[in-house]
Amino acid sequence: MFVDTHSHIYSEEFSSDRNEVIVNALKSGVNTIILPNIDSSTIKAMLDLADSGPNMFIPLIGLHPTSVKEDFKKELEIMEYWLNKRNFLGIGEIGIDLYWDKTFINEQTEAFRIQIGWAKKAGIPIVIHVRDSFPEVFEVIEKEKDESLRGVFHSFTGNLEQADKVIELGFKIGVGGIVTFRNSGMDEVVKQISLQHIVIETDSPWLAPVPYRGKRNESAHVALIADKIASLHEISLEEVGRITTHNAKQLFGF
Ligand code: NI
């Protein structure tokens with residue numbers, strides 16, 4: 001059994017065959033899929049999907065860093081409205097992305113900090129998006145850290161030193177399709193991270209693992225990611241499923 005801890009299966013990319021994709025996931029042993037939000041435009045589709053399968057889907061609420069623009073305070077108001085209206089098991093995805101655009105670095109940092117405050121208040125974990133921004137993200141986390149703050153560095157692509165820092169901060173490491181990419185170097189990093197710190201994810205529809213690299217990703221493929229981790233750690237696929245599922249349940253409290 002696997003948990004896909006990060007999937008945007010509610011997005012338009014799945015509008016023509018979403019049911020089939022869900023059946024594929026179940027057939028591959030994926031019985032829980034966590035749905036991080038992007039911005040105000042994605043909430044309805046995400047919650048509709050979550051309500052269609054409350055035993056399978058766990059929606060999160062949050063504003064994605066690439067959706068942080070001049071109007072981010074208005075966006076945050078909408079997130080906060082939903083946070084007060086419904087019981088969410090986490091805030092996400094949030095963070096800092098300096099790869100696409102550095103224009104709103106200050107706004108991104110402020111939105112990140114505000115949403116961490118919500119998570120601390122609610123006692124729920126955060127799902128962090130980091131892209132070209134490890135120093136900036138670590139700086140915010142170190143400032144905001146208290147006994148209750150926990151979460152996952154989703155789709156982790158850092159080096160071993162950064163992985164150690166994530167673990168030291170008490171956070172989990174989200175391992176996705178990149179670990180299967182030749183020359184990504186992530187295999188060497190993941191090999192050295194104890195399984196107790198790892199959760200698995202697809203980040204569907206992006207980052208499909210080998211042999212589907214470049215194609216649309218789907219939750220069934222977490223089995224391929226788990227298989228890669230099993231071979232790196234020289235343990236069985238079942239063991240990877242058992243430990244990473246335990247980690248996900250412990251982190252999100254389901
Ligand atoms: Ni995502």
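How much space lies in the largest pocket? Keep that in mind while we set up the view.

**Before you click.** This is a predicted model, in which local features need pLDDT of at least 70 and side-chain atom pairs count only at pLDDT 80 or more, while totals for chains, interfaces and linings use all residues. Residues are numbered from 1 along each chain as its sequence is written, and side-chain values use heavy atoms, with hydrogens and water left out.

**Whole chain.** Start with a cartoon: the protein chain has 9 helices and 8 strands (DSSP runs numbered from the N terminus, H or I of at least four residues for helices, E of at least two for strands). Its C-alpha atoms fill a box of roughly 45 × 40 × 30 Å along the principal axes. Of the 254 residues, 55% count as buried, meaning under 20% relative accessible area with a 1.4 Å probe, protein chains only.

**The nickel ion.** Now select His6, His8, Glu93 and Asp203: they coordinate the nickel ion through NE2, NE2, OE and OD, at 2.0 to 2.7 Å. Donors here are N, O and S atoms within 2.8 Å of the metal (3.2 Å for Na, K and Ca); water is not among the atoms, so sites may look incomplete. The donors follow the spacing H-x1-H-x84-E-x109-D. His6, in the loop between β1 (2-4) and α1 (18-27), and Glu93, in strand β4, are 87 residues apart, so the pair links distant parts of the chain. Both His6 and Glu93 are buried.

**The largest pocket.** Next, show Asp97, His129, Arg131, Asp203 and Leu207, the closest to the centre among the 20 lining residues. About 600 Å³ of space lies in this pocket. On a 1 Å grid over the protein atoms alone, a pocket is an open set of points with protein on both sides within 12 Å along at least five of seven lines, a cavity is a set where a 1.4 Å probe fits but cannot get out, and lining residues have an atom within 4 Å of a point. A volume is the space filled by probe spheres set on the points, which are joined across faces, edges and corners. Colour β4 (91-97) and β5 (126-131), which each supply at least two lining residues; β5 gives the most, with 3.

**The cavity.** Last, select Val130, Phe134, Phe153, His154, Ser155, Phe156 and Thr157, which line the largest cavity. About 30 Å³ of space lies inside that cavity.

Definitions and conventions: Buried means under 20% relative accessible area, exposed over 50%, partly exposed in between (1.4 Å probe, protein chains only).
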